[in-house]
Amino acid sequence: MYTVKTLMVQVNLKSRLILHKIRTMNEKTLFLSIGEVSRLFNIRPSALRYYEEINLLLPASRHAGRRYYGEKELKRLVLIQLLQHSGHLTLSDISAVIGKESKGGTRGILQERIEGLGKQIETAHAAKRYLEHRLTCPRQDPVTECPVLDAEVSGWLVKTLADSLPG
């Protein structure tokens, strides 16, 4: 049985102009300047220009040297942000998945990222267990006064020095 979850992207609309333009999306008249997109999506204009530089996002048009984005480009920006924030993909991975140079290796990239996240989760769980264990030390300061931790530090130091000294 599959559970379907709906993801809603909420944005902080500060400008009545942007709100008006969003309401006219169905009329295909939506074009937002780089500044409006920056405010709407809480992303720096330099990031949008960088996305253009690496061919992830291109403005729909330019007028008087200013970039303007339409509905198609805004949807692509939302996709980029979702893949970055929810999927924890790098811009390089996103470019490989949705960029013009994408060669269809999407599943492989996603699988690699899933494996990487699994390793990060394991590492985070181990760190959490380690720190929780440190809290069981009866000393006033469980880091600087703990004899068990001091012995562990000394052991690591001896091993590091032994590994680095010529044989």
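The paragraphs below go through a predicted model, from its confidence to its helices, core, salt bridges and cysteines.

Residues are numbered from 1 along each chain as its sequence is written, and side-chain values use heavy atoms, with hydrogens and water left out. In this predicted model, local features need pLDDT of at least 70 and side-chain atom pairs count only at pLDDT 80 or more, while totals for chains, interfaces and linings use all residues.

The term pLDDT is the predictor's confidence in each residue, from 0 to 100. The protein chain has an average pLDDT of 83, and 79% of the residues score at least 70. Over residues 1–14 the pLDDT is below 50.

Helices are DSSP runs of H or I with at least four residues, strands are runs of E with at least two, and both are numbered from the N terminus. Helix H6 covers residues 106–134, which is 29 residues. From first C-alpha to last, H6 reaches 42 Å, close to the 42 Å expected at 1.5 Å a residue; the expected span is 1.5 Å times one less than the number of residues. Its buried residues are Ile109, Arg113 and Arg134. Buried means under 20% relative accessible area, exposed over 50%, and partly exposed in between, with a 1.4 Å probe and protein chains only.

In soluble globular proteins, nonpolar side chains tend to be buried together. A nonpolar core is a set of buried Ala, Val, Leu, Ile, Met, Phe, Trp, Tyr and Cys residues joined through side-chain atoms within 4.5 Å. The largest one here has 21 residues, and Val37, Leu48, Tyr51 and Leu77 have the most contacts inside it. Helices H2, H3, H4 and H5 each give two or more residues to this core.

A salt bridge is a side-chain nitrogen of Lys or Arg within 4 Å of a carboxyl oxygen of Asp or Glu. The structure holds 6 of them. Glutamate 52 pairs with arginine 62 at 2.5 Å. Glutamate 52 lies in helix H3 and arginine 62 in strand E2, so the pair ties together parts that are 10 residues apart in sequence. Glutamate 52 also forms a salt bridge with arginine 67, again at 2.5 Å. Both arginine 67 and glutamate 52 are buried, whereas arginine 62 is partly exposed at 43%.

A disulfide is a pair of cysteine sulfur atoms within 2.5 Å, and the structure holds 0. The sulfur of cysteine 146 is 3.4 Å from that of cysteine 137, too far for a bond. Cysteine 137 is buried at 13%, and cysteine 146 is buried at 4%.

How values were computed:
Contact means heavy atoms within 4.5 Å.
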